[in-house]
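Hi,

Here is the structure I said I would pass on.

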Amino acid sequence: MTQQAAALQTYNNELVKCIEDLCSKRDELNHQIKQEEEEKERLQHDIRVLSEKLSRVNESLAQRLAARATFDRTIAETEAAYTKILESSQSLLSVLKQEAGNLSKATEPRRKEH
């Protein structure tokens, strides 16, 4: 019976050691899980912060794009109006020169013909 008791004691010791090893591995795994959960929370927080920032940037960008479109439209309309003014000025100058020439001819003294 002593031999059986010694074998039983050996099995018991090995069983306790295996259980302790499993507990140690589980504790290490729990530690790793906790670290990854903390990292996950940090990443989710960062995502929320970045999403809010992206939203603000998109809103600002949309406002700036609309303002730029207004500038572009105003500049185009102003340039078109200015071009019409230049064309009108050129036409007016041409008409004025023609009329001035006609007036000059009308006011010149007539030459005597021989």
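**Salt bridges along the helix**

Glu39 and Arg42 both sit in helix α1, 3 residues apart, which is about one turn of the helix. Helices here are DSSP runs of H or I with at least four residues, strands are runs of E with at least two, and both are numbered from the N terminus. Before you read on: this is a predicted model, where local features need pLDDT of at least 70, side-chain atom pairs count only at pLDDT 80 or more, and totals for chains, interfaces and linings use all residues. Residues are numbered from 1 along each chain as its sequence is written, and side-chain values use heavy atoms, with hydrogens and water left out.

Back to that pair: Glu39 and Arg42 form a salt bridge, with the closest N and O atoms 2.6 Å apart. (A salt bridge is a side-chain nitrogen of Lys or Arg within 4 Å of a carboxyl oxygen of Asp or Glu.) Glu39 is partly exposed at 34% relative accessibility, and Arg42 is partly exposed too, at 45%. For the cut-offs, buried means under 20% relative accessible area, exposed means over 50%, and partly exposed is in between (1.4 Å probe, protein chains only).

How many salt bridges turn up in the whole structure? The search finds 3. Another one joins Asp21 and Lys17, at 3.4 Å from N to O. Those two are 4 residues apart in helix α1 (residues 2–107), so about one helical turn separates them. Asp21 counts as partly exposed, at 35% relative accessibility.

Then there is Asp27 with Arg26, where the closest N and O atoms are 3.8 Å apart. Asp27 is partly exposed at 45% relative accessibility, and Arg26 likewise at 48%.

**What the record says**

UniProt, in an unreviewed entry, lists residues 19–60 as "coiled-coil region". Its positions are given in the numbering used here, feature names are shortened, and annotations may be inferred rather than shown by experiment. In the model, residues 19–60 are 100% helix and 0% strand, and the end C-alpha atoms lie 61 Å apart.

**A nonpolar patch**

Which residues make up the nonpolar patch on the surface? They are Tyr82, Ile85 and Leu86, with about 320 Å² of accessible area together. Leu86 lies in helix α1 and is partly exposed, at 44% relative accessibility.

Cheers

How values were computed: Patch = residues over 30% accessible without salt bridge, like charges linked within 9 Å, V, L, I, M, F, W, Y side chains within 5 Å. Areas by Shrake-Rupley, 256 points an atom, 1.4 Å probe, with all protein chains shown as cover.
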